[in-house]
Amino acid sequence: MSRARESSRAPGAPEAPKVIGGKLPRIDGPLKVSGRAVYTSDVSLDGMLYAVPVPSTIASGRIVSIDAAAARKLAGVRAVYYRGNLRPFFRSAPPQGFSGLIDEKRPPFEDDVVRYYGQYVAVAVAQTMEQAKAAADAVRVRYAADAHNVEPHLATEKPFRTESERGNADAAFQSAPVKIDQTYVTPTEVHNPIELHATVAAWEGDRVTLYETSQAIMNHREVLYQMLGVPKENVRVVSHFLGSGFGGKLWPWTHSILAAGVAREVGAPVKLVVSRQSMFQTVGHRPRTQQRFRIGAGHDGKLLSLHHEYLNQTSILDDYGEDCGEATPFMYSVPNVRVISALAHRNIGTPTAMRGPGAVPGLFAMESAMDELAIALNIDPIELRRRNEPQQDESSKLPFSSRHLVECMQVGAEKFGWARRDARVGAMKRDGLTIGWGMAACSWGAMRSDAQASVEIARDGTVTVTTATQDVGTGTYTVLALVAAEATGISLDKIDVRLGDTSLPPGPISGGSWVTASVIPAVSNAARVAVRSLLTMSTTGPNAPFAGAKFEDLQFANGRVSRKRDPSTGVPIGEVLARANARAAVGDGQSSTTLGGEESKKYSLHSYGAQFAEVSWQPETARLRVSRFVSVIDAGRMLNPKPARNQIEGAVVMGIGMALFEEARYDKRYGAPINSNLADYIVSTNADAPPIDVTFLDHPDPVLNEFGARGVGEIGLAGTAAAITAAVYHATGVRVRELPVRIEDLLRG
Ligand code: MOS
């Protein structure tokens, strides 16, 4: 840890001001609570028009005709576009790594085929949003409908694909003394960030600025320039603030392309805000999964075989794979493993990554199966996992960079009071309620990607940090300010962080919980270069204040350059820069990926955690509540524990929704998601959130970056639903294997 602190400071920089590891509120908080933070749908431009798409009302078939005559006559309507009267879009080339990603690959209006309910078939443009909505409603579309398929039961269409295999999982299962063989189902879940997806597109000649709700502006530009058929440098994407995304805003969706296309056609800026209803259809979701999980074990609880066979729903055209088996091969020590996957194509919108994609539904299955095994063996579930703790990643045969799962479980057990648990079903009572306790382990990959950043130290002593990443609402502005303050010794109130604009040095996506790990090395490198540049200006040039002094004999502290042995001789930044006739000292920094890079080849990089849930159950009124939660997270060093804790708390609340409430259901008759609103698609509210005790283990991960920091955006959701259904079983004796838990399930018990 001290090594990390050393190397994060610029040479000549002072003792670290200990800003890192403090509890700093978000620096963008005042802007947000005072309403001055401009979100995409707040953007208003001169002459701006509004676009409202026309969604299909069938889930499969062809468009026969579109009649926009009545719509065009309505007040304020400027145009109605559809296939045939709008310049066609191109497809973007297949992605290169984490650049050029798009999940729904078909551009809008590419053909006259409808493949899901809500697919955009036309778009109305008018002076006000209300006028555009009225016009969209007035467009008459005739369809030739085909039979659609939104069947929730998933079956393979092709042979399963092998994701991971070692030993002989089938033979080991057959001969195992104890067997678990169960199927777990997770439903379609919709991200539902409070901020609606939106695009404001403004062209100047053949250049376009897209104000976007994007978790990945650089990628957005990469896709959009290709689809619009303009040079890359002609597309600028801006996303200053996000009202969250949960993965739904990672890759571009059809409304963004449509907004850019109609703005070009109509010759005015266009705003398109996706309706809440359309957000259930056109901007991705976590797909339904069906996972058969087989465990073979000895009577001592030692795992002999894991067999994870899973399917997920995807759309007709796009093969989106939910990587449910992500954690299965390395989580526990087991000689025989088989992980296989398949897709089931349905007439639904294309799925996408949702918070902890793959691992979150996958760990619901694996951790539920582990709990069932613990019960079958009459072994404590923590002890069962401890007995299967691996010494290395047994799938890659690599050492873990940092793994403290057992400690997570031990600390969690202490905090939760696990020793007082009576394992018998329904045995624990409190205040006339039956209490259930459950736990689950979890993991999430630790990654980082390429990033660049610039740091400028200006004459007035202010520091500007720039990088084209974005803050999804999690505290990226704040953590980068902390890193710049730490590296320059300049106080936080003088640091300005600018993000969310593709004209800045290219930064990473806000996804996979890796933005922090990726950007902080680039910012600290840039800050180091800027300080070095300042010291160089202090010693060279005709008016240099320390002309001829040795670089190593100088320091930069409290905004002044001075001789180390005589700090009273300090010269303020402004004077150093003025004497050098320089506007600012600048530094560029970068950090490179470990994805496929050298470090990732030497280590298995993951975060870990242990989740403990208490539920209370009142059978007389069929009332089930999560009444207490303890989450212990091993995610490296926390640079700013306050927003980090906030991430875990939010993830646990989301996990309660996953366990008990969330499910988008498709109507068999129409193929439409029928509960496409926040009244019928239930998410956790404050009233559903119990006291949540969050603990971070402090084990910096030296492999991932010099700060030892991993991300925390997703790990808190992993394992949460399994801990809750384990607690539900403990209270009620009902094992719910298909989420969400329904009262009806419990009444059957
Ligand atoms: Mo997260 S699903 O990678 O935004």
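**Reading the salt bridges and overall fold**

Me: Which residue forms a salt bridge with Arg 338, and how far apart are the closest N and O atoms?

Reply: Side chains of opposite charge can pair when their charged atoms come close. A salt bridge here is a side-chain nitrogen of Lys or Arg within 4 Å of a carboxyl oxygen of Asp or Glu. Arg 338 forms one with Glu 165, the closest N and O atoms being 3.1 Å apart. Arg 338 lies in strand β15 (residues 336-345) and Glu 165 in strand β7 (residues 161-166), so the pair ties together parts 173 residues apart in sequence. Helices (H or I, at least four residues) and strands (E, at least two) are DSSP runs, numbered from the N terminus.

Me: What kind of model is this?

Reply: This is a predicted model: local features need pLDDT of at least 70, side-chain atom pairs count only at pLDDT 80 or more, and totals for chains, interfaces and linings use all residues. Residues are numbered from 1 along each chain as its sequence is written, and side-chain values use heavy atoms, with hydrogens and water left out.

Me: Are Arg 528 and Glu 706 buried or exposed?

Reply: Buried means under 20% relative accessible area, exposed over 50%, partly exposed in between (1.4 Å probe, protein chains only). Both Arg 528 and Glu 706 are buried. Their side chains meet in a salt bridge (2.6 Å, N to O). Arg 528 sits in helix α13 (residues 515-539), and Glu 706 in the loop between β27 (692-696) and α17 (720-732). Now go back to the opening pair. Arg 338 is partly exposed, at 23% relative accessibility. Glu 165 is partly exposed too, at 46%.

Me: How many salt bridges does a search of the whole structure find?

Reply: The search finds 37. One of them joins Arg 292 and Asp 181 at 2.7 Å, N to O. Arg 292 lies in strand β13 (residues 289-297) and Asp 181 in strand β8 (residues 178-186), so this pair ties together parts 111 residues apart in sequence.

Me: Why is the protein called as compact as a globular protein of that length?

Reply: Start with the secondary structure: 18 helices and 27 strands. The radius of gyration is 28 Å, close to the 27 Å that the globule rule gives for 749 residues, so the protein is as compact as a globular protein of that length. That radius is taken over C-alpha atoms, and the rule is 2.2 Å times the number of residues to the power 0.38. Of the 749 residues, 63% count as buried.
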